[in-house]
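Subject: Handing over the structure

Hi,

Here is the structure I promised to pass on. Have a look at it first, then read my notes below.

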Amino acid sequence: MDSFNCLDPATDLYSHTLVEASAGTGKTFAIEHMVTRFVLDGVSIESILVVTFTIAATKELKQRIHQCLIHSMHAIEENKPGSLAYLEFVCKKSDQEQFKACLLLEKAVLDIERANICTIHSFCFKSLDKQGLVPMQEEGKENFDYKAFYLQKIKQTLNKVPPKNALLTSSLSRLVRGYQFSFDKLYNALIEHLSSGSFPRDTPSICKEKVHIEQHIKKIKQLISPSIENKLALFKGFFSTSKVLKQTFVKQLQVLSAPFTEETLQTLIREKVSLFTLLDLENIKKTKTGSVDALVKEMVEIAGQIRPALDKLRDTRHTFLHLASWCKQAIENDPHSYKHYSPDQLVFSMVRAIDDPVFVESVASGFNVAIIDEFQDTDASQWKIFSTLFSKRRAKAFFLVGDPKQSIYSFRKADLSIFYAAKKQMDRVACLDTNYRSSAPLQTNLNALFSTRPSWLDTPTLALPYHRVKIAPDADQKGVGDGKQAIHFALFNASSATKKTWPTLPFETEVLFPFIAKEILEMSQNFGIELSKIAVLVKDRFSRQRLASYLAQCSIPYRMQRGSSLFDGPAFDFFSHLVLAIIEKGEKGSIEAITTHPFMCEQGARDKKFNFTYLEWKTHLVQAYHWWKTKNFSRAIAWLMSENINSYHSLTTLFKDRGWEHYHTQLLNIIDQFYLAFREKTYCMTSMKKFIISESFHFLTLQQVEKVRASGQGVELMTTFMSKGLEFDVVLPLALLYRHGAKSNFVRIKGETVPFDKESIEHQNVLSSQRAERLRQLYVAMTRAKKRLYIPYIVDEHLDKVPL
C-alpha cells in the first residue's frame, strides 16, 4: 500500500482515494493540510465538504483548519515555510504568486464560518433544508430535541388502552418486570430503538397467536378431569416438596376449565412458569416413563402445539418490538411529528431524496471536494449518499479517511463491510504509516505485541491484518522515566468460576482500585506526570462512579465529562427496590429483587453472615410497613437501615463491613433528598408506589446532582468510546478486565431488528462479529497512550484468552 504524504506538492490530491490511517498517524493533521492545499489551488472554502463523526470532532477540526490556514498565510508572508514542503514550494514562486496565495488563504480564514465541516446528520439537514424538504422553519435550527418528543409520545401511548391484537397487558407487565420495574430504562430503550429506524417489515400482530392458542385450548379442555393431577404427577415441577400441586398450576387449570376469554390468555402469560412448558415427554420423571398412556401423549401433543405461540406472547423481546411499533404509529400519526426528525430519520430522508437526479445535481454541484473522516463508522445508507453525490467524477477530489481497526460503533449501525466495498470502488488506496503520538519505546512495544499474531483483529468474514507503523523521527525516547516498561502488564491471579460477571465488586475495592491509586500517586508525585494526562478507561458509568468514589477517598482529583446524578446508579436502584418491598409487605417477588441486587448477592454464596434469608427479610419488611403506616416514611426507612436483619448485620453495618461507605453515603443522601422533597406532602402507599416506578421522579433527579467534574487537574475517567480520538501520557484501560457472558436479546439482520435465535447460523455469525468488535475496542484503548500503557490481565483458566 502506498504511503500518503499530503505535504509533498508532488502528491496529486485530485483523485478518488481511500486513506487508511492507523491510530496516532496524524489523520486530522493530514485533513487540515489537505484543505489548506485545496484553498491554495483556488478552491473556495465553502465548496470543500468535510464530514466527520461527532459534533465535538467537527468543532475541533474546524478550529484546526482555521489555525492551519492562518499559520500558512503567515509562513508565506514571512517566507518561513518550516518543514511543510508544499509551503516551501509556494515560497519559491514569484512575489505576485505568493501575494495571490496569501489572498486565497485570507479569504478562507474570513469565510471559515461558511465552511461545510459537519456531521453526516448536519449535512443531510442542510441539503434537505436548502431544497425545502425539511418543513422545520418554526425551529430554524437543526439541533432539535427529538428525544423529548419521543419520550412524550411514549408516555402518552403507555397511558392508553392497547389496540386490539397489538399488545396484552400481561405481556406488558412481564416486559416492565424485565426492566426491574424501571420505566426510565424502558423509556430509554424505546427511544434508542425508535431513533434507529429499525422495525419489522410488517406491523406486529398477536391475532394469529391468539386464534391458534384458543383452538388448541378447546382441545385440551376436553381432557381436563378430576384425575388430571394424577397425570401431572408424572412430570417434574408440578408439585411442591409436600406433594401438593403448586398454586400457579391450580390457577392455570381453573382458567383452562372455564370458557376461553381474554383473561384465560392473560393468566397463562402472567404466571412465571407455564403449565405447557412442563408438559413435555422429556420432562417425564424417569421412574414414571412406564405410566405414560394415550391420554398423557395427547396432552403432550396439544401442549407442543400451543407452546410456540404462547412462548412468543410470553417472550419480552417480542413484546418490546410490539410496543415499539405501537409507539412508532403514535409518532407517525402525530400532526407535529415532522418537526421532530431524529438523526437517523434525516439520513433516511436523504436516501429517499437522492433518487431524484435533479436533487443530486443540485447538492453535488455545490462541492468540488469531499473528505469523509472516520469512514470506518459509515453504514450502508450513509455510503449510498456519499457515493451517489461524489463518485462518478461529480467531485474533483473525493477522499475516504479511516481505520477499519477502529470500527467500534456497530450499535450505531456502522458496517465494516462498507469500508471494504468502498475500497474497491476508489481509484487509489494509500495509508498514513508513521505514528506521531506514542513515544519510541511504546510504539516499538506496540508493533511487537500487535505483530505476534497479525490476524488477531480479523472478523469472521474480513481480514484486518496489522501492519507495523513507523516511529516519528522526533519521537520521545524517554517515556515516564520510572524504570518500568512502556507497556506494563499488571497480572492478577483470581478465579471467576462461580461468577456471571467479572471482576466482582470486592475484587475492585480490595485489589484493582488500590493498585490504580498507587500507580497514579507514584507517577504524579515522583515523576511529574500531570493528573490530567492520565486516563483510566472504564467499562461503563457504574464502574466509573465506583472508581471515582474510591479515588475521592484517596484524595486523588478526577474528572468526568459530565455530572453524575445521585439517582443514576446502583444506590438508587437498591433504594427503589427497598421502598417497593416495604409497600408490598415483602411479597416474594419484591424480596427477590432485593436479594438479587449486586449489593446483596456478591458475597452471599460464600458467607452466611451476609446472606439474609427470605423469612428474615419478610419479618423486617412487614415491620417497616407498620412503621410507615403508624409513623412516617422516614421512620420506616431509618428503622430498616439500622435494625439487625440477622444476628450479624443491619443494612448499615453490612455496607460498612464490605467497604462500601461511599454507597452507604449515597443511599443516605437519596433518603434525605426524598424526605425533603415530600415532607410537606401526604402520599398514600399506592400513590407512592406509582410515583417511584414512574417518570414523575425525574424532576428530582434533575435537581439533585453530585458535581463530579473538578476544575484544573484531575485523572480522566471515561469509557473506551469516549476516549476515541483522544490521547494521554498514561492510559490504564481498566475495561479490558470486565468480561461477562454474552446475552443477546436482539440482533440486526439486513436492517431489521429481530429476537435472537441461538439456533440460527445467521444470528450466530452476528454474535461472532460483535466479539470481533470487542477486540477492536481493545485496539482503540491500547492506542490512546503516548508514554505508558498499562495492560491489566487476570490469570484465570475459566476466562477466554484474548487472541493476541
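What follows is a short tour, from the whole chain to a few single residues.

Some ground rules first. This is a predicted model, in which local features need pLDDT of at least 70 and side-chain atom pairs count only at pLDDT 80 or more, while totals for chains, interfaces and linings use all residues. Residues are numbered from 1 along each chain as its sequence is written, and side-chain values use heavy atoms, with hydrogens and water left out.

Of its 804 residues, 52% count as buried (buried is under 20% relative accessible area, exposed is over 50%, and partly exposed is in between, with a 1.4 Å probe and protein chains only). The chain exposes about 38300 Å², with carbon and sulfur atoms supplying 51% of that (areas come from the Shrake-Rupley method with a 1.4 Å probe; for residues, only the protein chains shown count as cover). Take the contacts between residues at least 6 apart in sequence: 80% of them join residues at least 24 apart (a contact means heavy atoms within 4.5 Å).

Now the sheet. Seven strands form an open sheet with parallel pairing, in the order S1-S7-S2-S6-S5-S3-S4 (two strands pair if DSSP finds at least two bridges between them). At the edges, strand S1 (2-3) and strand S4 (116-119) each pair on one side only. Strand S2 is largely enclosed by the rest of the structure, because six of its six residues are buried. His-16, Leu-18 and Glu-20 point one way from S2, and Thr-17, Val-19 and Ala-21 point the other way. S2 runs parallel to S6, joined by five bridges, and Leu-18 stands opposite Leu-400 in S6. Five bridges also join S2 to S7, again in parallel; here Val-19 has Ala-430 as its bridge partner. Strand S5 (residues 369-372) pairs with S6 (residues 397-402) over four parallel bridges.

Which helix lies across S2, S3, S5, S6 and S7? That is helix H1 (residues 27-40), running at about 170 degrees to S3 (axes are lines fitted to C-alpha atoms, for helices over the stretch in contact, and angles run from 0 to 180 degrees between N-to-C directions). Helix H18 (residues 380-390) also packs on the sheet, touching S2, S3, S5 and S6.

On to the inside. The largest nonpolar core has 62 residues, and Phe-123, Ile-385 and Leu-400 are among those with the most contacts inside it (such a core is a set of buried Ala, Val, Leu, Ile, Met, Phe, Trp, Tyr and Cys residues joined through side-chain atoms within 4.5 Å). This core draws at least three residues from each of domain 1 (2-131 + 356-432) and domain 3 (487-563 + 711-795), with bounds from an automatic or database domain assignment. Phe-123 touches several residues, including Leu-49, Met-350 and Ile-385.

Most residues other than glycine have a negative phi. Asn-79, though not a glycine, has a positive phi of about 55 degrees; Asn-79 sits in the loop between helix H2 (55-77) and helix H3 (85-91) and is partly exposed at 48%. Lys-243 has a positive phi near 65 degrees, lies in the loop between helix H10 (228-232) and helix H11 (247-257), and is exposed at 72%.

Cheers

Technical notes:
Helices (H or I, at least four residues) and strands (E, at least two) are DSSP runs, numbered from the N terminus. Lists of a residue's contacts leave out its neighbours within four places in sequence.
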